[in-house]
Protein chains: 2
Amino acid sequence: MRKVFRRLSSVEEVLSLIDSLGRPRVVEVDIFSAAGMVLAEDVSSELDIPPFDRSKMDGYAVRSADLEGADERNPITLSIVGEASAGHPFGREVGPGEAVRISTGAPIPMGADSVVMEEFCSPGDGRVTVYRSVAPGENVQPAGSDLRYGETLLRVGARLGPREIGLLAAAGVKRVRVYARPVIALASTGDELTPQGEPLSLGKIYDVNGPALYSAILEDGCDPRYLGILPDDEGEIEGAVREALGWADAVVLSGSTSVGAGDVIYRVVERVGRLLVHGVAIQPGKPTVIGEADGKPLFCLPGNPTSALTVYRLFVSPVLRRMAGLSPARSAGPLEAVVAVRIPKERGRRAYLPVHLVRGASGEVLAFPTPTGSEAVSTLARADGFLEIPENVEYIPEGSRVRVFLFSEDSGPADLSFIGSHCLGVERLLSLLKERSPGSRVKYVPVGSSGGFRAVRTGEADVAGVHLIDPATGEYNMPFLEAYGVSELAVLLRGYLRVQGIMVAPGNPKGIRGVSDLFRGDVRIVNRNPGSGTRVLLDLLIEREARKRGVSPDELRRSLRGYDISVSSHGAVAAAVASGRADAGIGIEAAARAYGLDFIPVAEERYDFLVRRDRMEKREVSLLVEILRSDEFRAALEELPGIRPSEGMGEPVS
Amino acid sequence: MRKVFRRLSSVEEVLSLIDSLGRPRVVEVDIFSAAGMVLAEDVSSELDIPPFDRSKMDGYAVRSADLEGADERNPITLSIVGEASAGHPFGREVGPGEAVRISTGAPIPMGADSVVMEEFCSPGDGRVTVYRSVAPGENVQPAGSDLRYGETLLRVGARLGPREIGLLAAAGVKRVRVYARPVIALASTGDELTPQGEPLSLGKIYDVNGPALYSAILEDGCDPRYLGILPDDEGEIEGAVREALGWADAVVLSGSTSVGAGDVIYRVVERVGRLLVHGVAIQPGKPTVIGEADGKPLFCLPGNPTSALTVYRLFVSPVLRRMAGLSPARSAGPLEAVVAVRIPKERGRRAYLPVHLVRGASGEVLAFPTPTGSEAVSTLARADGFLEIPENVEYIPEGSRVRVFLFSEDSGPADLSFIGSHCLGVERLLSLLKERSPGSRVKYVPVGSSGGFRAVRTGEADVAGVHLIDPATGEYNMPFLEAYGVSELAVLLRGYLRVQGIMVAPGNPKGIRGVSDLFRGDVRIVNRNPGSGTRVLLDLLIEREARKRGVSPDELRRSLRGYDISVSSHGAVAAAVASGRADAGIGIEAAARAYGLDFIPVAEERYDFLVRRDRMEKREVSLLVEILRSDEFRAALEELPGIRPSEGMGEPVS
């Protein structure tokens, strides 16, 4: 029953095996269709450029000898015998004493040898008076002076962007031979997979790899064709692969490579072609299978989405790019980053770890492991790429330089990393920042106030949004700087005030009037995640209620139905109430409004901003502080229900 | 007749006017079609992920209480009552003393609360013996622990790459609202324009801007529709623009904006909509016209290709990108560069100058003006982008920091800049370099040996390929280090030997046996460009012949038909002979062979490599030197006709 890998290949063995996989195909296309493609031949000019002696100026084409000695005091008058403009040559020869009105780009008429600029001419009555002499050839661009017939314009391997296509067009080249966009057959395998748009039955999940790999293959200059979901059935998979080999340049499958699927995939590869790799000594990605049939590569990736994207980036992308005539290395990475926290690892296989990237104080790229593992879908939301950890280390020390492979051409280090509590006020703040600095990469990771404090300490966040109340004093945020070890590292800037309250279904069917009604027994609540300020607030409200009733807070907490069911944003609380999964939840008014819920105010709290001192000079951080202090932000907050600007926003809290 | 611009707008005025131009359209698409597009709405999860309690391992689903105290010495045996795999749940409840065989990704059956890994189990005969206890929840990923119903997955403005699309797919999202790819009507105007594939009549040129802007618009995430070439006719242009406004989101024209076309374009804009900009105070790009009709932008760019691409990059690209929902600034630039030579400029308008970029010794980007102006098509081949020169300066001093806008996402500084004489041996050398370092940007600009010496002196070249003979001594290259002022700056590395000869038509119809036959009077030759080693060689051959004949070299030179007609590569010489434009030309054997010509050997010369000392440490330069010294390169040269490896290749010439 246990799966036996023939022999795990090392990364280097796999890279050397795939080096010969996949040959580019060449097609001839029109230059318009060639945009973004890669030239498969050297291309020479088919004509001289310009194809004729061409005027560089607006003015008059003349025989330079006629104007010898002409100047301001001794102008010479010529008779205008015609006109030449771009596309409209003057058909006759220019004789002595004659001039032809000429515009930029027009061919120089026979007989004329130069052009005098119109600034030095005064025309009228069929004649032109010229106040300057000209040298032979002045303002004339001779035929072939720019490019000559037969000269190489572009060489094989050139990627055809605007300037390359312009060059071909200028030389009259209509069609060019380029590397064809490889056609890639793509399928997801697994009995547990369901396509989006269909309801999930028990034990089923949606197919992630189909759409995600489709997009990755597109980014690599290929033409993906999605075959859909195949069941864990050897015959069906083999049939689909054989059919695809008839028309595709390569086949990419994912799933069915682990033990459960019973070695289906590698047997299919063995039957339709030649098995090259059966298992790789990496984590994740061990069950990878690579083969070849009729010279066409077959890739079988793990089912887990982060693993599939990692293996795609390591082994599939270079082959597909080479088939498309592109450089195997993508323009985006790998890039060098500094590991910002110590990363433990099991000894043994080489490991690839999803990381979140942040630009540090002096422009360096900092890498932070994502808190969830590669099996988690939420990792996809957080990770910009993955770093490589060698086989024989047990950990990577803080400060090490590592190589990070990016998941996408578009991903990269955050210029502003904002981590902490979720709030619509923050969304407005970050929108204003994006307006002022559209090129900046801004990341907002809502993980609650405690997560914000911790992220500022490690440096994963430049700024955190926090609203933690100290139950002893009722004071917000300031008392926690010491506890989280950031009193030296960071400065707390005054933010705004916002109302927290109870969200209930429209019309308040359970008749909830305040916190005490939550303990009635017929009310199911939904809680916020541990570490969120809102959860701390609920705990405080429970304590106050317990004191009032003379019972222990723990006892009262146990009587609260749904206390242990938690979600991680105000929106998710509102969604739970709106969908009837819960009767009530604590959150902000704006979220309640967005879901059409009723709202019972409970407390007003301080939402402040914790900024790392060493990042204050970062362009995006100083811009954020500037916006915090602006009237524009103040006005934006006034529009949000339940939020109001405070005095001294953006100033240090003392 | 002279064109009157209403009032030239400054760059800042134009940028502020276009800031409000162009609104994105929103469409709903399937997640597969959404790849590369930009989200127009926040998207929340439509389900809990995982949607059920899920096994993280292969093993047995059990009630943890049943295994209390189990270890190697005291194993506990359970009866196997069924199986659960991914997509195939176990339908019944697991009772006390029972276990269900379970694989990764399968739902935990009712009754079971944990999974014991198969490593600790020994199954057989319908029973499984377990050698370890498990904690409740061990190896179980609880429903909703990864993402919860209602949580925001992605926010408006997110570009949908593989990870974003994977996230949507995981949450069961099938369709999303994204910004539509704007449809851009594109036309070239001008009576002088001819489409590629048609012959050129006198005064006509090929349409460059149509294909070049088509490719630029594609790069900016839009959908260009090329309308073809419109004549300089107000009625026709107006008709085409009105028609296009019916279906396009914006219209981009080029040409017909200068004096010759008689103000056609701005009158059309005034009639179909509102004129916003009529002339910009920049060089090039002054005749730019920008308008708006029904909220749709109308851009009219200059006809000159480099000017059109410059204005496109400055004003059109940001608007189109905003319409596509993208950040107005492209990921590629502007980037900061150091001006490597003093750049003169006329005082007055702000100027944009095409530049060639090279990566310097310590990674900095160096900018060199391209030798030809913006009217030249060959500028497109050389320039990577353009730098901005403020209005009120007369020159930019060497060493200044400037902003460079790139023409294309793909362009950028050369990691290796190779400038000098053209040779097929160099092409092989650079191919080997590209194989060893596929990610490096290698530029090869063949401008002749003298140009190579000069480019090494300025730093525009890291390496030059040279073969200049000293007529006095017959020595190659070494004597010129002093003359070109590079004896301190650069080191000459030994290259290879190559045969120069006379290329003639197949069968040698003119019966040419040697150099002396070239002066017979019935032979038309084609020369190489001034500064090329081959031209110097011809001059030397003329001198020797003159000495032999006892005449002056000048006299003999004048008797050589075609001496003044020059082209700038061996290939172009061969092409001229092959096409019958010339009867003979001096060049290398490989070029003659490529065009099927006959070849009469005349001299063997030294082709050496001049390397700047301060760039020796650059990765690509040291790799190049390593390849020069390799057996692989030696073998590659043996395959080229008329070229043979020399002793000590890659070693300094003393």
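**Exercise 1. State what covers the buried residues of helix 5 of chain A.**

Solution. The cover includes helix 4 (234–245), strand 17 (250–254), strand 18 (274–278), strand 20 (289–293) and strand 21 (296–301) of chain A. Helices (H or I, at least four residues) and strands (E, at least two) are DSSP runs, numbered from the N terminus. Helix 5 itself spans residues 264–272 of chain A. Its buried residues are Val264(A), Ile265(A), Tyr266(A), Val268(A), Val269(A) and Val272(A). Buried requires 20 or more other C-beta atoms within 10 Å of the residue's own, exposed 12 or fewer, and partly exposed lies in between, with C-beta atoms placed from the backbone.

This is a predicted model: local features need pLDDT of at least 70, side-chain atom pairs count only at pLDDT 80 or more, and totals for chains, interfaces and linings use all residues. Residues are numbered from 1 along each chain as its sequence is written, while chains are lettered from A and ligands numbered from 1 in the order in which they are written.

**Exercise 2. Describe how helix 8 and helix 15 of chain B cross.**

Solution. Take the axes of helix 8 (residues 424–436) and helix 15 (residues 619–628) of chain B: they come within 10 Å and cross at roughly 120°. Helix 8 of chain B is therefore oblique to helix 15 of chain B. Oblique is what remains after under 35 degrees (roughly parallel), over 145 (roughly antiparallel) and 65 to 115 (roughly perpendicular). Next, the contact residues. Helix 8 of chain B brings Leu429(B), Leu432(B), Leu433(B) and Arg436(B). Helix 15 of chain B brings Glu620(B), Leu623(B), Leu624(B), Ile627(B) and Leu628(B). Contact means C-beta atoms, placed from the backbone, within 7 Å. By class, the residues of this contact are seven nonpolar, no polar and two charged. Ala, Val, Leu, Ile, Met, Phe, Trp, Tyr, Cys and Pro count as nonpolar, Asp, Glu, Lys and Arg as charged, and the others, Gly among them, as polar.

**Exercise 3. Find the edge strands of the six-stranded open sheet in chain A.**

Solution. Read the order: 7-4-6-5-9-8, with mixed pairing. Strand 7 (114–117) and strand 8 (121–124) of chain A each have a single partner strand, so one side of each lacks a neighbour in the sheet. Pairing takes at least two DSSP bridges between two strands. Inspect one pair: strand 5 (residues 76–84) and strand 9 (residues 127–130) of chain A are antiparallel over four bridges. In strand 9 of chain A, Arg127(A) is the bridge partner of Ser79(A).

**Exercise 4. Decide whether Gly228(B) is buried or exposed.**

Solution. Count the other C-beta atoms within 10 Å: 12, so Gly228(B) is exposed. Gly228(B) belongs to strand 16 (residues 223–230) of chain B.

Notes. Axes fitted to C-alpha atoms, helices over the stretch in contact; angles between N-to-C directions. Contact = placed C-beta atoms within 7 Å.
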